[in-house]
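Visitor: Hi! Could you walk me through this structure?

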Amino acid sequence: MEVIKSYSISITAPKELIEEYFKLKKTVLDEVFKHARYSKSGKVHLKFDKNKRKELRDKLLKNWRFAKHYVDSAINSVIGLVKGWISLYNRGKAKSKPEITKKTVYVKTTLFSVKNGKIKITIEPKKRYLEINLTKFNYLPKDYDSIGGLILMENKLIITFKKKAELIKPRDYASFDVNLTNITGFVNRRIVRFDLKELYHIHRVYEEKRKRIQKLAKTKPKTAKRLMEKYSKRERNRATDIMHKITTTIARELASTKCGAILENLKNIKDRILNGSKDLNRKLSKWNCRMFQFMLEYKLKWFGLPVKYVNPANSSKTCPLCSGRLSAYEGRLIMCKNCGLIQDRDVIAVLYLRM
Ligand SMILES: [Zn+2]
């Protein structure tokens, strides 16, 4: 199977290319949208065949000084955008027309080469290139087979690494349970804990900031919108940073001991830990779980290790040792009346998942 991992690195992109490509995509969108037809039933169809595409391509190339492939990639990405929009629209899920809002350039694999850890992107053929030395970024993977299409932005580059990984038969499975303030794991017969209080704190701080900005929105809507975007981005960055560190640590540990992972099927989550919690806490728990599972799964896949999702329907009611009935004991502790086990509810949950 082929596995992928994406990384973002800071770079400075050629400003003219970013701006010209942005304008190009807007033009392509206008042109492509001229071929959208509304049927009597109100559904949209796109009538944009190969000849129309070639016509548009030739027209756009007349004023294009960068590599020709950028025109192709702009047409492709806009057609993808329009088709995605049409499918939403026809299901009644989109109202306003699609727009080009992001200044991103998709760099097809034919537009760059990789040699000795250096990426060389063609900007203008035989004239101008953007070279990036990947070896300067020590957190990037070195055990990859190839690099997929790149996404170039004003000050960053998103790189997708590809690798052929054979699925390994794991020696054992570790299990993980994600909560609002911690991640509990049962790894190699040991209980491990990762504190999420810092993450929780970050979300609380930004929640306060958002409340203050919402007040500002009445008098200064533009400033409020800008601030909101800025803080949301910062919050997301700090939060994903913490999750990346934890999941990388876990994935490395599991890879070194050839362990797969057992995770809780998220469809079940609301019944168990989210019940009765406040709205923000509910959102944060969900966010923690999704992010943790998403990151851990692709990081484990990179090593060929499997991830299993199970439904722990009775995890808070059944003893993981003797299947006896559990009842609340004190604080977060739970007791089994049958065998006398007294344990923290997160530990019970993670043991139950493993069983
Ligand atoms: Zn028991």
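Guide: One cut-off before we start: buried means under 20% relative accessible area, exposed means over 50%, and partly exposed lies in between. Also, please keep in mind that this is a predicted model.

Visitor: Got it. How many helices and strands are there in the protein?
Guide: The protein has eight helices and 18 strands. Its C-alpha trace spans about 80 × 55 × 40 Å along the principal axes.

Visitor: And what share of the residues counts as buried?
Guide: That would be 43% of the 355 residues.

Visitor: Let's talk charges. How many salt bridges does a search of the whole structure find?
Guide: The search gives 23 salt bridges. One of them joins the side chains of Asp-72 and Arg-57, at 2.6 Å from N to O. That pair links distant parts of the chain, with Asp-72 in helix α3 (residues 69-90) and Arg-57 in helix α2, 15 residues apart.

Visitor: Asp-72, then: buried or exposed?
Guide: Buried, because its relative accessibility is 11%, and the cut-off for buried is under 20%.

Visitor: What about Arg-57, how does it count?
Guide: Arg-57 counts as partly exposed, because its relative accessibility is 24%. You'll find Arg-57 in helix α2, which covers residues 50-61.

Visitor: How far is Arg-57 from Val-28 in space?
Guide: Their C-alpha atoms are 9.2 Å apart, while in sequence Arg-57 and Val-28 are separated by 29 residues.

Visitor: Nice. Which side chain does Arg-193 meet in a salt bridge?
Guide: Arg-193 pairs with Asp-346, at 3.3 Å from N to O. This pair also links distant parts of the chain: Arg-193 is in strand β13 (residues 190-195) and Asp-346 is in helix α8 (residues 345-354), 153 residues apart.

Visitor: How accessible are those two partners?
Guide: Asp-346 has a relative accessibility of 3%, so it counts as buried. Arg-193 has a relative accessible area of 43%, so it is partly exposed.

Visitor: Now one within a helix. Where do Asp-241 and Lys-245 sit?
Guide: Both are in helix α5, and because they are four residues apart, about one helical turn separates them.

Visitor: Which residues do salt bridges that share partners join into one network?
Guide: Glu-16, Arg-65, Glu-124, Lys-127 and Arg-128 are joined that way.

Visitor: Changing topic: at what angle do α4 and α7 pack?
Guide: Helix α4 (residues 197-216) and helix α7 (residues 279-302) pack at about 130 degrees, and their axes are 11 Å apart. The two are therefore oblique to each other.

Visitor: On to the backbone. What is phi of Asn-116 near?
Guide: Phi of Asn-116 is near 50 degrees, which is positive in a residue other than glycine. For background, most residues other than glycine have a negative phi. Asn-116 is in the loop between β5 (112-115) and β6 (118-124). With a relative accessible area of 73%, Asn-116 is therefore exposed.

Visitor: Where does Lys-258 lie?
Guide: Lys-258 is in the loop between α5 (221-256) and β14 (259-264). Lys-258 has a positive phi of about 50 degrees too, although it is not a glycine. It is partly exposed, because its relative accessible area is 44%.

Visitor: Last one: which residues form a nonpolar patch on the surface?
Guide: Tyr-329, Leu-333 and Ile-342 form it, and together they have about 250 Å² of accessible area. Leu-333 belongs to strand β17 (residues 333-336), and it is partly exposed, because its relative accessible area is 30%.

Visitor: Great, thanks for the tour!

Conventions
Residues numbered from 1 in each chain as written. Predicted model: local features only at pLDDT ≥ 70, side-chain atom pairs only at ≥ 80, totals over all residues. Heavy atoms only, no water. Patch = residues over 30% accessible without salt bridge, like charges linked within 9 Å, V, L, I, M, F, W, Y side chains within 5 Å. Areas by Shrake-Rupley, 256 points an atom, 1.4 Å probe, with all protein chains shown as cover. Salt bridge = Lys/Arg side-chain N within 4 Å of Asp/Glu carboxyl O. Buried < 20%, exposed > 50% of the residue type's maximum accessible area, 1.4 Å probe, protein only. Axes fitted to C-alpha atoms, helices over the stretch in contact; angles between N-to-C directions. Parallel < 35°, antiparallel > 145°, perpendicular 65-115°, else oblique.
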